[in-house]
Every structure is written in C-alpha cells, then in structure tokens.
Amino acid sequence: MLHDSYTIKNGKKSDLMRKRELKNMEWGILITAIILCVIGIVALFSATQETEYEEFTKQIIWFVVSLIAMVIVMFIDYNLLLKASPVLYGIFILLLIGVLFTSPINGATSWYNIFGFSFQPAEFDKVFVILFLTYTIIKIQRKGQDEINRLTRLPIALAVVGLPVLLIVMQPDYGTALAYIVAMALMLFSAGLDKKYIIGTILLIIIAVPLLYNFVLPEHAKARIDVFLNPESDPRGAGYNIIQSKIAIGSGGLTGMGILKGNQTQLGFLYPKTTDFIYSVIGEEMGFIVAGGIILLYVYLITKCIYIAKTAKDKAGSLIAIGITGIFIFHVLENIGMVMGLLPITGVPLPFVSYGGSSLITNFICIGLLLNISGKRQKTIFVQ
C-alpha cells in the first residue's frame with residue numbers, strides 16, 4: 001500500500017511538472033518558425049514550377065520530419081544530451097572528414113547523397129558543436145568562473161570549434177564556418193571571456209583580413225568580395241546574381257508582383273532561387289510588406305532566444321541558447337544582407353525559409369532545444 005501511494009504521488013508530481021514545463025515553454029518561437037516555413041513553402045511553390053515542384057514537395061516532407069525531430073528533442077532533458085555530446089561530436093567529426101572524399105556539388109564537397117536525398121553533416125554538426133562546447137566550458141569552469149581565461153584552458157574550448165571549422169573550410173564552405181565562429185564567440189562571451197581576448201581578437205581580425213584576402217583565399221572567394229564591393233564590374237559574370245537579386249527585390253514594390261508572376265523568378269534570372277536567393281523571390285512576388293514582415297519575425301525570434309538564454313535555470317541552458325542565437329543571427333544577417341548587396345555572397349541559407357532538409361531539420365532541433373530549456377526554468381514542484 002505504501003508503495004502504491006508513493007507511486008501515485010510521484011506520478012502526480014511528474015504530471016504536474018510536465019504540465020508546468022509545457023506551460024513555461026516559449027511557444028511563440030515555434031509559431032514564428034512555422035510561419036516562416038509556410039512563407040518559404042509558398043515561395044518554393046512559385047520558384048519550382050518548371051521542375052514540376054520537386055523541391056517544393058521535398059520541403060514539405062522535410063517540414064514534417066523536422067517537427068518530429070523537434071518534438072523528440074523537446075522532451076529529452078538537455079543535460080542528457082550534454083552527457084552524450086562527446087560521442088555525437090566525434091561521430092560528426094568523422095562525417096565531416098568523410099564528406100571531403102565525396103563528389104563535389106557546385107564546387108564543394110559538403111553533401112552525402114543517400115537515396116536521392118542530400119545530407120549535409122556541417123548543418124547538423126552545429127547542434128553537436130554547441131552542445132559539446134557547452135559541456136567543455138562547464139567542465140573548465142568547475143573550479144571557478146575565471147578558469148575559461150587561463151591560457152591552458154581557453155585553447156581547449158577554441159579547439160572544440162576550430163576542428164570542425166577547419167574541416168568545413170576544406171570543403172570549402174566559408175559561410176557555414178563563420179556561423180560556427182559567431183556561435184562560439186557569443187558562448188565564450190557569455191561564459192565570461194576577458195575583454196583583453198575580445199580586443200585582441202578584433203585587432204587580429206583587422207590585421208588578418210587583408211592578409212587572408214591576398215595570400216589565402218581562393219580566386220572564387222576573392223571574386224565574391226570584389227563583386228560585393230562593385231557588382232557592376234562584372235555584370236554578366238560574377239556580379240550577375242547579385243544584380244538580378246537587387247532587380248527582383250526592387251521590382252516587388254509594396255505588395256509584390258504576385259505568386260507565379262515575378263519576372264526575375266519565373267524567367268530564370270535568379271540562381272539559385274530556392275536556397276541562397278529565396279528572399280529575393282519573396283521580395284519580388286510578395287512585396288515589401290511580406291519581406292519586411294519576415295525581418296520582424298526574425299527580430300522576435302532572436303529576441304526570444306536571448307531571453308531564454310538570460311532566464312535559463314542553469315549555465316548549461318544559457319550557453320546552449322546563446323549558441324543557437326548566434327547561429328540564427330549570422331544566417332539571417334548574412335542571407336538577407338547578401339541578397340541586398342550589403343554583404344558578400346557566401347551561400348548561407350535563410351533559416352526556415354530556404355530549401356534544404358539538413359538546414360530545416362537542424363533549425364527545428366534548435367527550436368526543440370530552446371523549448372526544452374525554456375520549459376525547465378521553474379523550480380521543481382513537490383507534491384505533499
């Protein structure tokens with residue numbers, strides 16, 4: 001009888017805790033992500049009619065798979081994921097090595113092709129790098145908050161991100177590599193990185209940029225920077241895509257030219273219009289109101305991510321949330337900036353909007369982690 005009473009009490013406690021967690025979750029971020037996906041799917045419908053809606057159909061499948069992955073992650077204690085992160089990190093490092101030996105697609109060895117579906121390990125590894133870096137920082141700071149600033153400790157954290165970044169640069173995929181670096185920077189700053197390292201890094205970047213441009217970057221990467229600075233210098237070559245993107249966005253006006261009616265989109269002037277330049281499709285066919293609305297949705301999403309990081313119940317939750325925030329910030333700023341000619345083209349997808357299964361699933365796993373962290377912000381409820 002005592003055992004039955006104990007089981008009932010614990011069952012009630014578990015149910016109440018689960019209900020409280022569901023109530024505490026920041027459902028607004030999920031609603032925002034779904035709205036962005038719906039806009040992206042509509043744009044893909046318009047952009048893929050000449051291919052008999054192949055990418056549009058696949059994206060719907062990926063959307064369903066992404067929601068399932070999100071729900072699974074949402075209900076697994078993120079501390080358990082942290083404990084498993086060294087193994088998951090190791091697996092994806094091996095996948096990043098293996099992908100270097102695959103056949104190039106658009107000049108990059110970034111994808112595994114499995115039964116007609118492309119799998120990009122660098123996208124999924126964002127999550128596992130954030131988890132493992134969180135795990136590493138917490139281990140380092142067990143003896144004190146300032147341990148992260150010791151010259152014998154900080155390089156360990158840097159190496160966690162440096163290894164996958166090196167492998168991704170070798171593909172080459174500079175945009176994704178930069179996303180890792182931005183996430184790492186925010187996580188280390190949140191962990192209490194000393195200002196001297198931050199100032200030193202800024203000075204190093206100022207010195208390194210011209211050296212990298214002149215002696216390290218391959219010609220195609222240099223061409224993208226040159227085109228960013230002056231697209232009209234090669235309007236039929238390297239500057240073609242960005243010029244067409246600007247024309248598309250400018251042609252949309254306030255309300256757009258209408259779905260299936262965009263000139264640059266439907267006549268094939270935008271490329272690749274389903275991934276890198278999906279925002280240009282939206283600007284042309286749906287207009288400034290929808291395009292501007294997308295930016296407001298991202299502002300809301302990122303603001304909520306920061307709020308979750310600030311209110312997380314522990315250091316681990318805060319670091320994971322701020323790492324995810326860094327990924328979202330970089331992708332949004334870089335993609336929208338590059339299609340408007342404000343930033344160099346790097347081939348970075350727009351979160352939840354661009355076509356791509358690996359990207360979409362990864363983004364929803366991130367949403368699942370954020371919901372997970374936000375749900376556990378309250379203290380445990382004890383039932384008398």
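Colleague: Is Cys305 buried or exposed?

Modeller: Please keep in mind that this is a predicted model. Cys305 counts as buried, because its relative accessibility is 0%.

Colleague: And how many disulfides are there?

Modeller: The count is 0 disulfides. A disulfide requires two cysteine sulfur atoms within 2.5 Å. For Cys305, the closest cysteine sulfur belongs to Cys366 and lies 8.7 Å away, so the two are too far apart for a bond.

Colleague: What about Cys366, then: buried or exposed?

Modeller: Cys366 is buried, since its relative accessible area is 3%. Cys366 takes part in no disulfide, and its nearest cysteine sulfur is that of Cys305.

Colleague: Let us change topic to α7. Which residues does this helix cover, and what should it span?

Modeller: Helix α7 runs over residues 174-190, which is 17 residues. At 1.5 Å a residue it should span 24 Å, and its end C-alpha atoms are 24 Å apart, so the two values agree.

Colleague: Which of its residues are buried?

Modeller: The buried residues of α7 are Gly175, Thr176, Ala177, Ala179, Tyr180, Ala183, Met184, Met187 and Leu188.

Colleague: What covers them?

Modeller: The elements covering them include α5 (121-140), α6 (154-169) and α13 (315-339).

Colleague: What follows the helix?

Modeller: Gly192 follows α7, and its phi is positive, near 105 degrees.

Colleague: You mentioned α6. At what angle do α6 and α7 pack?

Modeller: Their angle is about 165 degrees, and their axes are 8 Å apart. An angle over 145 degrees counts as roughly antiparallel, which is why α6 is described as roughly antiparallel to α7. The crossing of these two helices is right-handed.

Colleague: Which residues meet there?

Modeller: On the α6 side they include Leu154, Ala157, Leu158 and Val161. Among those on the α7 side are Tyr174, Thr176, Ala177 and Tyr180.

Conventions
Residues are numbered from 1 along each chain as its sequence is written. This is a predicted model: local features need pLDDT of at least 70, side-chain atom pairs count only at pLDDT 80 or more; totals for chains, interfaces and linings use all residues. Side-chain values use heavy atoms; hydrogens and water are left out. Buried means under 20% relative accessible area, exposed over 50%, partly exposed in between (1.4 Å probe, protein chains only). Helices (H or I, at least four residues) and strands (E, at least two) are DSSP runs, numbered from the N terminus. The expected span of a helix is 1.5 Å times one less than its number of residues. Contact means heavy atoms within 4.5 Å. Axes are lines fitted to C-alpha atoms, for helices over the stretch in contact, and angles run from 0 to 180 degrees between N-to-C directions. Angles under 35 degrees count as roughly parallel, over 145 as roughly antiparallel, 65 to 115 as roughly perpendicular and the rest as oblique. A crossing is left-handed if the near helix is turned anticlockwise from the far one by less than a right angle, and right-handed if clockwise.
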